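Please read this briefing alongside the sequence and the model. It goes through charged pairs, nonpolar packing and backbone geometry in turn.

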Amino acid sequence: NYGPKQHDEKLIPTIIRKALSNENIPIYGDGKNIRDWLYVLDHCKGIDVVYHTGITGETYNIGGRNERTNLQIVNTICEILDQKCPINTNTQITNNKLQSYKDLITFVEDRAGHDRRYAIDATKLENELGWKADENFDSGILLTIEWYLGSITGETYNIGGRNERTNLQIVNTICEILDQKCPINKNTQITNNKLQSYKDLITF
């Protein structure tokens, strides 16, 4: 699966991180390895449906019906980044010869035993339990990229119906609650009388 908060070593976070940092984007072999991509929130919903309504002892595959090659993935991400964060506005880009993030794509030696294709048939889950992915790859990858851009810029994006917050919003909210529940002037651990709020302790 893929989506916000995925481990940095995975393909999609690596592509986004490398592109925005002006580093070569490594793609194994010829880039034609195929995977069936499933947005993380749809995956979670599928697990929930199986847990609550599935028949004990039965097996249910959760798939996105979104087969893409790695090359298709990297090209799509680069095209979206070209629109959302153009090369000429990215202060990390010092090479003025770059026209697109695609120019950073670099093919590297393939991994030994690298599977050529993964495929998942979710027909049983769809027909018997009524589950269906809400996001196709085009919508899911856009939500994903917007989340990663938001984590860098501090902007907030909706990643599928949930109430998302940036780290800065979270820490500000916590500090405001602490200011009410445990005021600075009543906290015996606070020795700095210049502090007006717990927010004054925030350090970037």
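R117 is partly exposed, with a relative accessible area of 49%; here buried means under 20% relative accessible area, exposed over 50%, and partly exposed in between, with a 1.4 Å probe and protein chains only. This is a predicted model, in which local features need pLDDT of at least 70 and side-chain atom pairs count only at pLDDT 80 or more, while totals for chains, interfaces and linings use all residues. Residues are numbered from 1 along each chain as its sequence is written, and side-chain values use heavy atoms, with hydrogens and water left out.

**Salt bridges**

- The structure holds 10 salt bridges, a salt bridge being a side-chain nitrogen of Lys or Arg within 4 Å of a carboxyl oxygen of Asp or Glu.
- One of them joins the side chains of R117 and E67, at 2.8 Å from N to O.
- Because R117 lies in the loop between β4 and α4 and E67 in strand β3, this pair ties together parts that are 50 residues apart in sequence; helices (H or I, at least four residues) and strands (E, at least two) are DSSP runs, numbered from the N terminus.
- D30 forms a salt bridge with R116, and the closest N and O atoms of the two are 2.8 Å apart.
- D30 sits in the loop between β1 and β2 (34-36), whereas R116 sits in the loop between β4 (105-108) and α4 (123-129), so the pair ties together parts that are 86 residues apart in sequence.
- Both members of that pair are partly exposed, with a relative accessibility of 34% for D30 and 43% for R116.
- D134 and K45 also meet through their side chains in a salt bridge, at 2.7 Å from N to O.
- That pair links distant parts of the chain, with D134 in the loop between α4 and α5 and K45 in helix α2, 89 residues apart.
- K45 is partly exposed, at 35% relative accessible area.

**Nonpolar cores**

- The largest nonpolar core has 31 residues, of which I12, I77, L81, Y101, I141 and I145 touch the most other members; a nonpolar core is a set of buried Ala, Val, Leu, Ile, Met, Phe, Trp, Tyr and Cys residues joined through side-chain atoms within 4.5 Å.
- The elements that give two or more residues to this core are α1 (11-20), β1 (25-28), α3 (70-84) and α5 (137-153), and α5 gives the most, with seven residues.
- I145 touches I16, I77, I80 and L81, leaving aside residues up to four places away in sequence, where contact means heavy atoms within 4.5 Å.
- A second, separate core has eight residues, among them L38, L125, L129 and W131.
- In soluble globular proteins, nonpolar side chains tend to be buried together.

**Backbone geometry**

- K5, found in the segment before α1, has a positive phi of about 70 degrees although it is not a glycine.
- K5 is exposed, with a relative accessible area of 61%.
- R65 is found in the loop between α2 (40-53) and β3 (67-69), and at 48% relative accessibility R65 counts as partly exposed.
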